[in-house]
Amino acid sequence: QVQLVESGGGLVQPGGSLRLSCAASGSIVSIDGMGWYRQAPGKQRELVAVISTTGSTNYADSVKGRFTISRDNAKNAVYLQMNSLKPEDTAVYYCYGKVLPGWPRDAYDSWGQGTQVTVSS
């Protein structure tokens, strides 16, 4: 099984920036779509951004123009550059990847353990 591990979270002031990283460990496999989700206390997990293997991206309306998702296919890694951070961005951020293990095994969803992002003055 592939494990996704996030890093880069922390405490930042409003208007500041953070860069989240997520890398796959374990057996070398192909990963299709990757993305970032977040969950604030008392709220449901929501999509932040996704990126395809070809670089196509989609963002939640709340982060458009502020966040940028990117990936390195050779490293099976995905990144999230977060600029102009707001207090409402405070949440645990989770990395996601659709793992393609190859026949006869089916594709499956893999999730990171989460990294805390806190935006506060």
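The structure is a predicted model, in which local features need pLDDT of at least 70 and side-chain atom pairs count only at pLDDT 80 or more, while totals for chains, interfaces and linings use all residues. Residues are numbered from 1 along each chain as its sequence is written, and side-chain values use heavy atoms, with hydrogens and water left out.

Thr 115 is found in strand β11; helices (H or I, at least four residues) and strands (E, at least two) are DSSP runs, numbered from the N terminus. At 11% relative accessibility, Thr 115 counts as buried, where buried means under 20% relative accessible area, exposed over 50%, and partly exposed in between (1.4 Å probe, protein chains only). Apart from neighbours within four places in sequence, Thr 115 is in contact (heavy atoms within 4.5 Å) with Glu 6, Gly 9, Leu 20, Ala 91, Val 92 and Tyr 93.

**The nonpolar core**

A nonpolar core is a set of buried Ala, Val, Leu, Ile, Met, Phe, Trp, Tyr and Cys residues joined through side-chain atoms within 4.5 Å. The largest one has 28 residues, and those with the most contacts inside it are Trp 36, Val 48, Phe 67, Val 78, Leu 80, Met 82 and Tyr 93. At least two residues of this core come from each of β3, β4 (30–39), β5 (46–51), β7 (67–72), β8 (77–82), β9 and β11 (115–119). Strand β9 provides the largest share, 4 residues.

Which residues does Tyr 93 contact, leaving aside its neighbours within four places in sequence? Its partners are Glu 6, Leu 20, Trp 36, Tyr 37, Arg 38, Val 48, Phe 67, Leu 80, Met 82, Gly 114, Thr 115 and Val 117.

**The disulfide**

A disulfide is a covalent bond between the sulfur atoms of two cysteines. By the criterion of a pair of cysteine sulfur atoms within 2.5 Å, the structure holds 1 disulfide. This link joins Cys 22 to Cys 95, with an S to S distance of 2.0 Å. The link of Cys 22 and Cys 95 is left-handed, with -80° about the S-S bond. Because Cys 22 lies in strand β3 (residues 18–25) and Cys 95 in strand β9 (residues 91–100), the pair ties together parts that are 73 residues apart in sequence. Both Cys 22 and Cys 95 are buried.

**Salt bridges**

Side chains of opposite charge can pair when their charged atoms come close. With a salt bridge taken as a side-chain nitrogen of Lys or Arg within 4 Å of a carboxyl oxygen of Asp or Glu, the structure holds 5 salt bridges. The table presents some of them.

| Salt bridge | N to O distance |
|---|---|
| Arg 38 and Asp 89 | 3.0 Å |
| Asp 61 and Lys 64 | 3.1 Å |
| Lys 98 and Asp 109 | 2.8 Å |

Lys 98 counts as partly exposed at 27% relative accessibility, and Asp 109 is partly exposed with a relative accessible area of 42%. Salt bridges that share partners also join Arg 38, Glu 46, Arg 66 and Asp 89 into one network.

The salt bridge of Arg 38 and Asp 89 links distant parts of the chain: Arg 38 is in strand β4 and Asp 89 in the loop between β8 and β9, 51 residues apart. Are these two residues, Arg 38 and Asp 89, buried or exposed? Both of them are buried. In the pair of Asp 61 and Lys 64, Asp 61 counts as exposed at 66% relative accessibility, whereas Lys 64 counts as partly exposed at 49%.

**Backbone geometry**

Most residues other than glycine have a negative phi, and most peptide bonds are trans. A cis peptide bond, with omega of about 5°, joins Trp 103 and Pro 104. Pro 104 is placed in the loop between β9 and β10.

Asn 76, which is not a glycine, has a positive phi of about 50°. Asn 76 has its place in the loop between β7 and β8 and counts as buried at 13% relative accessibility. Ser 84, likewise a residue other than glycine, has a positive phi near 50°. Ser 84 lies in the loop between β8 and β9 and is partly exposed, with a relative accessible area of 42%.
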